[in-house]
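Dear colleague,

Please find below the structure that I am handing over to you. My notes on what was found in it follow directly after.

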Amino acid sequence: MNHFCRQASRLTSDRFERNLHVGERIKLAIHLWMCASCRNYASTLQVLHATLKYMRSDEEKKIKLSPSRKQAIIAQCHQKNEGNASDTPVNDLLKSNPKPSEE
Amino acid sequence: MQQEEDISAWVAAYSDDLYRFARIRLQDDDAAQDVVQDAFFAAWKAKDGFKGNSSRKTWLIGILKHKIIDHIRKQIRTRKLTDELTQDPNSPWFNSDNSWQDAARVWRDSPEHLCHDDNFRSSLQECMQKLPLRQRQVFMLREIVGEDAQVVCNTFDITSTNLHVLMHRARLSLRHCLEKHGFGA
């Protein structure tokens, strides 16, 4: 007998990435109803997904750039000031400013 | 609009935000610091190009994004990661009849609890490190940064099907690895 678990695991993951087609949704729902292993896997992925989401906001607050690196940036830019400023290819990139205005 | 042309003021005002943005995406302290420095330097050289039709922070983040993508692409080129997509590491998880080799267990801990559990955090870190590089980076961007799927595809120059495959494999590996670390009893 050929099982549907391999495909079900893929669909379970894909649910986080895209909208499943109606046929896929029905097949998956029926399989999850019958198969405890796949049901456990699906609930595990939900827990993992939600946990990572919580961690995201938590982690972000703690991240700070080291003072020595801040000094290094300032020093590098001052050095540039004394030399010849501007006119690098990056200028082209910077001319197109993103739209939203916050100031 | 006021033009503040002092690099110290820029760094004081925006460097932590930029570093946070890069650090979360690259998950690598040194690389994140380097791209932030590169971004500030590029911005400073091109400060006359700033038109003021977006906030300065938005403008700096825009430059930083390009630096981050450059960094990731360079990494992909040097490590020749293309073969990750052609191998089929699915087989360790399934028998030849497509049933589970090692059935998933139920996780009883809540996400709120897990996210403050130091054991879980260190296990997750360890399990993430075991993923192949590109799988790890893609998974990080999608699940930890919460980046849009299309942006991830563009960054890595992959199709959305490639993205789904990488995410699927990362999830299979992480689930297995985390259960081996004792989660889901």
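In these notes, a residue is called buried when its relative accessible area is under 20%, exposed when it is over 50%, and partly exposed in between (1.4 Å probe, protein chains only). Helices (H or I, at least four residues) and strands (E, at least two) are DSSP runs, numbered from the N terminus.

This is a predicted model, in which local features need pLDDT of at least 70 and side-chain atom pairs count only at pLDDT 80 or more, while totals for chains, interfaces and linings use all residues. Residues are numbered from 1 along each chain as its sequence is written, chains are lettered from A and ligands numbered from 1 in the order in which they are written, and side-chain values use heavy atoms, with hydrogens and water left out.

Chain A

The secondary structure of chain A consists of five helices and zero strands, giving the pattern α-α-α-α-α along the sequence. Of its 103 residues, 40% are buried. Taking contact to mean heavy atoms within 4.5 Å, 40% of the chain A contacts between residues at least 6 apart in sequence join residues at least 24 apart.

Helix H1 of chain A (residues 5-14) is mostly covered, with seven of its ten residues buried. The buried residues of H1(A) are Cys5(A), Ala8(A), Ser9(A), Leu11(A), Thr12(A), Ser13(A) and Asp14(A).

Two further cysteines of chain A deserve a note. Cys38(A) is buried, with a relative accessible area of 2%, and Cys77(A) is buried at 0%. The closest cysteine sulfur to that of Cys38(A) belongs to Cys35(A), at 3.7 Å, which is too far for a bond, since a disulfide is counted here as a pair of cysteine sulfur atoms within 2.5 Å.

Chain B

Chain B has eight helices and zero strands, and its pattern along the sequence is α-α-α-α-α-α-α-α. Buried residues account for 56% of its 185 residues. Among the chain B contacts between residues at least 6 apart in sequence, 70% join residues at least 24 apart.

The disulfide

A disulfide is a covalent bond between the sulfur atoms of two cysteines. By the distance rule above, the count over all chains is one disulfide. That disulfide joins Cys127(B) to Cys177(B), with an S to S distance of 2.1 Å. The pair links distant parts of the chain: Cys127(B) lies in helix H5 of chain B (residues 118-130) and Cys177(B) in helix H8 of chain B (residues 160-180), 50 residues apart. The link of Cys127(B) and Cys177(B) is left-handed, with -80° about the S-S bond. Both Cys127(B) and Cys177(B) are buried.

Packing of H1(B) and H2(B)

Two packed helices are described by the angle between their axes and the distance between the axes. For helix H1 (residues 7-26) and helix H2 (residues 29-45) of chain B, the axes come within 9 Å and cross at roughly 140°. The axes are lines fitted to C-alpha atoms, for helices over the stretch in contact, and the angles run from 0 to 180 degrees between N-to-C directions. H1(B) and H2(B) are therefore oblique to each other; angles under 35 degrees count as roughly parallel, over 145 as roughly antiparallel, 65 to 115 as roughly perpendicular and the rest as oblique.

The residues making this contact include Trp10(B), Tyr14(B) and Leu18(B) of H1(B), and Val36(B), Phe40(B) and Trp44(B) of H2(B).

Individual residues of chain B

Most residues other than glycine have a negative phi, and most peptide bonds are trans. Asn98(B), however, has a positive phi near 70°. This residue, Asn98(B), lies in the loop between helix H3 (56-79) and helix H4 (111-115) of chain B and counts as buried at 19% relative accessibility. Asp157(B) also has a positive phi, of about 55°, although it is not a glycine. Asp157(B) is located in the loop between helix H7 (149-156) and H8 of chain B, and at 67% relative accessibility it counts as exposed.

Thr155(B) lies in helix H7 of chain B and is buried, with a relative accessible area of 5%. Leaving aside its neighbours within four places in sequence, Thr155(B) is in contact with Ile69(B), Ile72(B) and Arg73(B).

With kind regards
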